[in-house]
Amino acid sequence: MTKVAPSPNQPAPWTIALAGALSLAVAMGIGRFAFTPMLPLMIGEGQIDIAAAGWVAAANYAGYLAGAVSAPRLRWSALRLGMVALVLTVLLTAAMALPVSAWIWGALRFVAGVCSAWAFIATAVWCLGALARIGKPAWSSFVYTGVGLGIAGAGLYCLAGASLSAPARSLWLQLGALAAVLVLPVMLVLSRMGAAAPVAATLPKVGQAPSSRNTGLVICYGMLGFGYILPATFLPVLARSVVEDPRLFGLAWPVFGVTAALSVVVGAWLLIRVSRLKIWAASNVLMALGVLLPSVWLNGWTIALSALLVGGTFMVVTLAGVQEIRARTTGDPTAAVSRMTAAFAIGQIAGPVFSSLLLHLPGFRETGLTLALQAAALSLVVCAAWLWREAHRMSLAVQEKPHAR
C-alpha cells in the first residue's frame with residue numbers, strides 16, 4: 001500500500017493507536033467482558049444464580065454474532081458506526097444496575113454484544129486503515145492490547161469495589177461512568193479524523209471473497225470460541241468457590257487481562273518467525289491445559305494457572321487464525337474472515353448454553369460446569385492435532401515443489 005502523508009489536521013500515529021486501544025478497551029473489556037468479574041458479586045448478593053448467568057452470557061455472545069453479521073449491512077461509515085457503538089456501550093453498561101429480571105439483563109447483554117462487534121469491526125477499519133495509510137502499521141499490535149488492558153482494568157476496578165463492599169448495582173453504574181470517561185478521547189480523535197478526511201467511508205460488503213476450502217480452519221476457530229469462553233465467563237466464580245476473600249478471588253480476571261495484553265506483543269513477534277498453524281496448535285494445547293486444570297483440581301494455584309494459560313493464548317490464536325485465513329484467500333478476504341468470526345461467535349454461544357443445560361439436568365447440578373470444561377479442553381486438543389497435521393502437510397507440499405519442477 002502506498003504511504004500517504006498525514007494532513008495537518010490528521011492526528012499523530014500514536015494518538016490514532018491510543019484511540020483504537022481505548023475503543024477496544026471499552027467495547028471488549030467493559031462492554032463485553034465486565035459481566036465476568038461482576039458475576040461472582042451478583043451471585044453473592046443473590047441477584048442471579050450460575051445457571052441463569054450462563055444464559056445471560058450466551059445472550060451477549062449471540063449479540064456479538066448478530067453484530068458481526070449486521071455491521072457490513074448498515075452501510076454506515078466506520079467512524080459513525082464506532083461512535084454509535086461506544087455511546088450505546090456506555091449506556092448499556094450503566095443499565096445493568098437496573099433491578100430487573102435475568103431475562104431483561106439477557107436482553108441488555110444481547111444489545112451490548114451487538115455493540116461490541118460493531119465497535120471491534122469499526123476500529124479495525126478506521127484505526128488500522130488510518131495507520132496503514134500513513135505507513136505506520138507497526139502500531140497495530142498496540143491497538144489490540146486494548147482488549148487485554150480493558151479486561152484487566154475492569155477486573156481491577158471490580159476487585160477494588162468488592163474489597164470496599166460496594167454493591168454490584170453501584171459498581172455497574174461506576175463502570176458505565178468509567179467507560180464514558182475513556183470514550184471521550186476516542187470521540188475527540190474520531191471527530192478530528194472525520195474533519196480531516198473520511199477513513200474507509202463505508203464498510204465492505206460481506207460475501208465478496210471467492211470461496212476457498214478452509215472448513216477445517218473455520219471449525220478449529222469455532223472450537224476456540226467454545227474452549228476459551230467457559231473460563232472467560234466463569235473463572236472468577238470458580239475462584240470464589242475456593243477463596244472467599246474478594247481481594248484474592250478477584251485477581252483471576254485482571255491476571256487474565258494483563259496476560260492477554262502481553263501475549264499480543266509476544267504473538268506478533270512469533271508470527272513472523274514460526275508457522276502460524278504450529279503456533280495455533282501449540283496455543284490450543286496450552287489453552288486446553290488451562291481450561292482443564294480447574295475441573296480436575298480446584299484451588300488457588302490452578303485458578304491462577306488457568307488465568308495465565310487461557311489469557312496468554314486466546315489473543316495469539318485470534319491473530320494466527322485471522323492471518324492464516326487471509327493468507328489462504330485470494331482477492332478480498334472479507335467473506336473468509338466473516339466465516340471465521342461467525343464460527344467463533346457460535347462457539348462462544350455454545351459454551352455457556354452447554355454448561356447451563358448440564359446444570360439443569362438431574363444429577364449434574366454439581367458437576368455440569370466441570371464436565372463442560374473437560375469437553376472444551378478435549379475439543380481444543382483434537383483441533384491442535386488437526387492443525388499440527390495440516391502444518392506438516394503444508395511443509396511437505398512446499399518441499400516437494402522444487403522437485404516437481
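A: Helix H1 (residues 13–30) and helix H5 pack with their axes 9 Å apart and at an angle of about 170°, where helices are DSSP runs of H or I with at least four residues, strands are runs of E with at least two, and both are numbered from the N terminus. The axes are lines fitted to C-alpha atoms, for helices over the stretch in contact, and the angles run from 0 to 180 degrees between N-to-C directions. H1 is therefore roughly antiparallel to H5, since angles over 145 degrees count as roughly antiparallel, those under 35 as roughly parallel, 65 to 115 as roughly perpendicular and the rest as oblique. The model is a predicted one, in which local features need pLDDT of at least 70 and side-chain atom pairs count only at pLDDT 80 or more, while totals for chains, interfaces and linings use all residues. Residues are numbered from 1 along each chain as its sequence is written, and side-chain values use heavy atoms, with hydrogens and water left out.

On the H1 side, the residues that meet H5 include Pro-13, Ile-16, Gly-20, Ser-23, Leu-24 and Met-28, and on the H5 side they include Ser-116, Phe-120, Thr-123, Trp-126 and Leu-131. Thr-123, which is found in helix H5, has 2% relative accessibility and so counts as buried, a term that means under 20% relative accessible area, with exposed meaning over 50% and partly exposed in between (1.4 Å probe, protein chains only). Leaving aside neighbours within four places in sequence, Thr-123 is in contact (heavy atoms within 4.5 Å) with Gly-20, Ser-23, Leu-24, Leu-128 and Val-143.

Trp-126 of H5, which takes part in the meeting with H1, is also among the residues with the most contacts inside the largest nonpolar core, a set of 123 residues. Such a core consists of buried Ala, Val, Leu, Ile, Met, Phe, Trp, Tyr and Cys residues joined through side-chain atoms within 4.5 Å. The largest share of this core, 15 residues, comes from helix H5 (residues 102–133).

Around this part, the chain has 15 helices and zero strands, and 53% of its 405 residues count as buried. Among contacts with a separation of 6 or more, 85% are between residues 24 or more positions apart.

Elsewhere, the structure holds four salt bridges, each being a side-chain nitrogen of Lys or Arg within 4 Å of a carboxyl oxygen of Asp or Glu. Glu-324 forms one with Arg-328, with the closest N and O atoms 2.8 Å apart, and both residues lie in helix H13 (residues 314–328), four residues apart, about one turn of the helix. Glu-324 counts as buried because its relative accessibility is 4%, whereas Arg-328 is partly exposed at 22%. Arg-328 also forms a salt bridge with Glu-390, the closest N and O atoms being 3.1 Å apart, and this pair links distant parts of the chain, with Glu-390 in helix H15 (residues 368–404) and Arg-328 in helix H13, 62 residues apart. Glu-390, buried at 11% relative accessibility, forms a further salt bridge with Arg-393, whose closest N and O atoms are 2.7 Å apart. Salt bridges that share partners join Arg-276, Glu-324, Arg-328, Glu-390 and Arg-393 into one network.
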